[in-house]
Amino acid sequence: MKALSILYRSAVSLGDRVVPARFAETWNHPAGPKTIFFWAPSFKWALVIAGIGDIARPPEKLSPFQSGALAATGIIWARYSLVIIPKNYNLFFVNIFVGATGILQLSRIYTYNQSLKNMDKDLQK
């Protein structure tokens, strides 16, 4: 673990020397690339990409529990990201998109289930 810490500090030290002046404010921001507050939301974009990839999946293969969890946590954490100090807009936007992909998948599941119910009613007639 200590080796990773040394590697990280070396990379930040190198970055401090090579970052152009116009990006210095972003580089040194409390939620900037020097902190976990930048990297955690950045990696969370993988959830958004996975959610977008699930659009191609048939609705019967989607999990309503997983989609509901993504929608709920996206909405909750989006609100939280604007309350904390420093405000973390990267976290805000990634959570908006996580929530939106969860809501989209829930709506696809709901529409599919409704179509099954309507098909059953039509068959019973």
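Q: Which residues make up the largest nonpolar core?
A: Bear in mind that this is a predicted model. The core in question has 5 residues in all. They are Val-48, Ile-84, Leu-91, Val-94 and Val-98.

Q: Which helix gives the largest share of this core?
A: The core includes Leu-91, Val-94 and Val-98. The largest share comes to 3 residues, and the element they come from is helix 5.

Q: How do helix 3 and helix 5 run relative to each other, roughly parallel or roughly antiparallel?
A: Their axes are 9 Å apart and pack at an angle of about 20 degrees. Angles under 35 degrees count as roughly parallel. So helix 3 and helix 5 are roughly parallel.

Q: Which residues of helix 5 meet helix 3?
A: From the helix 3 side come Phe-38, Pro-41, Ser-42, Lys-44, Trp-45, Leu-47, Val-48, Gly-51 and Ile-52. The crossing here is left-handed. The residues they meet in helix 5 are Asn-90, Leu-91, Phe-93, Val-94, Asn-95, Phe-97, Val-98, Thr-101 and Gln-105.

Q: How many charged residues does the contact of helix 3 with helix 5 have?
A: Sorted by class, this contact has 11 nonpolar and 6 polar residues. The number of charged ones is 1.

Q: What about helix 4 and helix 5: roughly parallel or roughly antiparallel?
A: Helix 4 spans residues 64-83 and helix 5 spans residues 89-124. Their axes come within 7 Å and cross at roughly 155 degrees. Anything over 145 counts as roughly antiparallel, so helix 4 is, relative to helix 5, roughly antiparallel.

Q: Is the crossing of helix 4 and helix 5 left-handed or right-handed?
A: This is the pair whose axes cross at roughly 155 degrees. The handedness of the crossing of helix 4 and helix 5 is left-handed.

Q: How many nonpolar residues are in the contact of helix 4 with helix 5?
A: Helix 4 brings residues including Leu-70, Ile-75 and Trp-77, while helix 5 brings, among them, Phe-92, Ile-96 and Ile-103. The contact also holds 9 polar residues and no charged ones. The nonpolar count is 15.

Q: Which residues does Pro-64 contact, leaving aside neighbours within four places in sequence?
A: Pro-64 sits in helix 4 and is partly exposed, at a relative accessible area of 39%. Its C-alpha is 43 Å from that of Arg-9, which is 55 residues away along the chain. Its contacts are Leu-106 and Ile-109.

Q: Does Thr-35 count as buried or exposed?
A: Thr-35 is in the loop between helix 2 (24-27) and helix 3 (36-53). Beyond its sequence neighbours within four places, Thr-35 is in contact with Tyr-8 and Pro-30. Buried means under 20% relative accessible area; at 18%, Thr-35 therefore counts as buried.

Q: How far apart in space are His-29 and Pro-86, C-alpha to C-alpha?
A: His-29 lies in the loop between helix 2 and helix 3, and Pro-86 in the loop between helix 4 and helix 5. His-29 touches Pro-86 and Lys-87, not counting residues up to four places away in sequence. Although His-29 and Pro-86 are 57 residues apart in sequence, their C-alpha separation is 8.9 Å.

Q: Is the peptide bond from Ile-85 to Pro-86 cis or trans?
A: Look at omega for this bond, which is near 0 degrees. The peptide bond from Ile-85 to Pro-86 is cis.

Definitions and conventions: Residues are numbered from 1 along each chain as its sequence is written. This is a predicted model: local features need pLDDT of at least 70, side-chain atom pairs count only at pLDDT 80 or more; totals for chains, interfaces and linings use all residues. Side-chain values use heavy atoms; hydrogens and water are left out. Axes are lines fitted to C-alpha atoms, for helices over the stretch in contact, and angles run from 0 to 180 degrees between N-to-C directions. Helices (H or I, at least four residues) and strands (E, at least two) are DSSP runs, numbered from the N terminus. Angles under 35 degrees count as roughly parallel, over 145 as roughly antiparallel, 65 to 115 as roughly perpendicular and the rest as oblique. A crossing is left-handed if the near helix is turned anticlockwise from the far one by less than a right angle, and right-handed if clockwise. Contact means heavy atoms within 4.5 Å. Ala, Val, Leu, Ile, Met, Phe, Trp, Tyr, Cys and Pro count as nonpolar, Asp, Glu, Lys and Arg as charged, and the others, Gly among them, as polar. A nonpolar core is a set of buried Ala, Val, Leu, Ile, Met, Phe, Trp, Tyr and Cys residues joined through side-chain atoms within 4.5 Å. Buried means under 20% relative accessible area, exposed over 50%, partly exposed in between (1.4 Å probe, protein chains only).
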